[in-house]
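Have the structure open beside you as you read.

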Amino acid sequence: MAAGPPAWGVQYTLSLPSEDNALAAAAELSGMGHRLTAVRVHGHFRFVPSSFWYGRPSMDPELEGWWQVFSLAVHSGYERGALEPFLRGERMRVAQVARDHGGFQQGGGEGHAATLEAVFTRDGLVHDRPGAQVALPSPLPDDPARPPAGPPWNAGGAGEPAAVVQAAVAVAERLYGSAEDAPDAVGWLLDEEFAFGEPYGTAGEFLGDLADAVAHQGTCTDTTAEAIPFLVELACADAVAPGSRMTLLHDLVRLGASGPAAAVALADRVTALGGVQVESAADHLTRQAIGRGLPRLLSRWDDESDAVRFTLAALAALCGTHDRRVLAWPAALPAPAHSSRADAVSLLAALLSDGRKGLTPALDRLASWLPGVAEKAAGPNVDREDLGLAVLPDLVREEVWPEHSMENSPRKYI
């Protein structure tokens, strides 16, 4: 008889304003079936003489004097993929525990339970329940049924990688002349070593390297805004194949949504600390740069495919651009009733409208079949306008490349 899948572990990290709050939250998590639960002052190892971190300044000074809860939940009997709908509910449940005790869920990780239990730091351990597992419902919950898709859109082929690379170099030479005058995120394209490097196997590989150079791991930096004019010009280059152009436009949507996405992710933290959400300078400047380049991208609107128009409309919503052609487009787009296309268009129309009319019902419809939206929307501190803007990159991917959507992509674990 074949052995079942190894037990799966999920470690949660909560930040609470006091030791009493942390102990209360830890007791609640233990009562939910978590195997190990520890409570430590935030930055605990800064006060341990044998630690590398001893005496070093706090990496998160806002949380000076706060306490943390580290908790390990174990699940067995199923492969990780089958657990996802249940674990999504657990993440929302644990986040609510943190909110109920005045704090927020700060992070966590996943992996084989035996590994996570072996490396779990037991300093401050307050609950140790050997062999405990979180009870699983039978049957496990399923993901919600997705509505029928709209008519497929053809984003076009990515083209030959050499052609995309040559187009990128040509745009960089035209805009900057030399590597010394180019932004850091672009200068490598004009470097002699790049010219003699190994050729790319696919256009996607090159565009991935380019995206990472502009915003490492998707995070806007001080230099990201400087590279936006280059991305805009490359997206408009005739030598770039339609599929690669769509990838570049989607990258711009992702960068433009970085500010709202951060606001959604940090909503509980900001509320717990009693602060006001402030967009980072890098995110703000990046979105401003995209807004300045948007008229150039919209200049060929009348000749664009619906897939490109959908992506450009998302950029217009992110940048607050009131182009009359963009505003009128959602109502004219064929979108069968009760389809994913209709829900996507409803959100775009709401985000483009004055006062964001219809935003809440549009988000509710998306949350009914897109689990990622439902999980984000569950947070009571999340601003609905920020949420609508934050989900645009995934929504564009859902509509334009449904086979590569975030909901269908393999999840990465630690």
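Helices H15 and H16 run roughly antiparallel to each other, because their angle of about 155° lies over the 145 degrees used as the cut-off for that label. Please keep in mind that this model is predicted.

**The pair H15 and H16**

H15 covers residues 340-352, and its axis is 9 Å from that of H16. H15 passes H16 in a left-handed crossing. On the H15 side, the residues that meet H16 are Asp-343, Ala-344, Ser-346, Leu-347, Ala-350 and Leu-351, while H16 brings Leu-359, Ala-362, Leu-363, Arg-365 and Leu-366. Sorted by class, this contact holds 8 nonpolar, 1 polar and 2 charged residues.

Have a look at Leu-359, which belongs to H16, a helix spanning residues 359-367. Is Leu-359 buried or exposed? Leu-359 is buried, because its relative accessible area of 7% is under the 20% cut-off. Beyond its neighbours within four places in sequence, Leu-359 touches Leu-347, Ala-350, Leu-351, Arg-384, Glu-385 and Gly-388. Gly-388 sits 29 residues away from Leu-359 along the chain, yet their C-alpha atoms are separated by 7.5 Å.

Now move to H8 (residues 224-236), H9 (residues 242-256) and H10 (residues 258-265).

| Helix pair | Angle | Axes |
|---|---|---|
| H8 and H9 | about 150° | 9 Å apart |
| H9 and H10 | roughly 45° | within 4 Å |
| H15 and H16 | about 155° | 9 Å apart |

H8 and H9 are therefore roughly antiparallel to each other, and their crossing is left-handed. From H8, the contact uses Thr-224, Ile-228, Leu-231, Val-232, Leu-234, Ala-235 and Cys-236; from H9, it uses Arg-245, Leu-248, Leu-249, Leu-252 and Leu-255. These residues divide into 10 nonpolar, 1 polar and 1 charged.

H9 and H10, in turn, are oblique to each other. Arg-254, Leu-255 and Gly-256 of H9 meet Ser-258, Gly-259 and Pro-260 of H10. By class, that contact is made up of 2 nonpolar, 3 polar and 1 charged residues.

Most residues other than glycine have a negative phi, and most peptide bonds are trans. With that in mind, here are some exceptions to look for.

Which two residues does a cis peptide bond join? The bond links Ser-138 and Pro-139, with omega about 0°. Pro-139 is found in the loop between strand E5 (125-128) and helix H4 (161-176).

His-338 is not a glycine, but its phi is positive, about 60°. This residue lies in the loop between helix H14 (324-332) and H15. His-338 counts as exposed, because its relative accessibility of 71% is over the 50% cut-off.

Arg-356 also has a positive phi, near 55°, in a residue other than glycine. The loop that holds Arg-356 runs between H15 and H16. Is Arg-356 buried or exposed? Arg-356 is buried, because its relative accessible area of 19% is under 20%.

The mean pLDDT of the protein is 91, and 96% of its residues reach 70 or more. One stretch needs care: over residues 406-414, pLDDT stays under 50. The model has 20 contacts beyond four places in sequence for this stretch. Where pLDDT is low, the predicted coordinates should not be read in detail.

How values were computed
Residues numbered from 1 in each chain as written. Predicted model: local features only at pLDDT ≥ 70, side-chain atom pairs only at ≥ 80, totals over all residues. Heavy atoms only, no water. pLDDT = per-residue confidence, 0-100. Contact = heavy atoms within 4.5 Å. Axes fitted to C-alpha atoms, helices over the stretch in contact; angles between N-to-C directions. Helix = DSSP H or I, 4+ residues; strand = E, 2+ residues; numbered from the N terminus. Parallel < 35°, antiparallel > 145°, perpendicular 65-115°, else oblique. Left-handed = near helix turned anticlockwise from the far one by under 90°. Nonpolar A, V, L, I, M, F, W, Y, C, P; charged D, E, K, R; others polar. Buried < 20%, exposed > 50% of the residue type's maximum accessible area, 1.4 Å probe, protein only.
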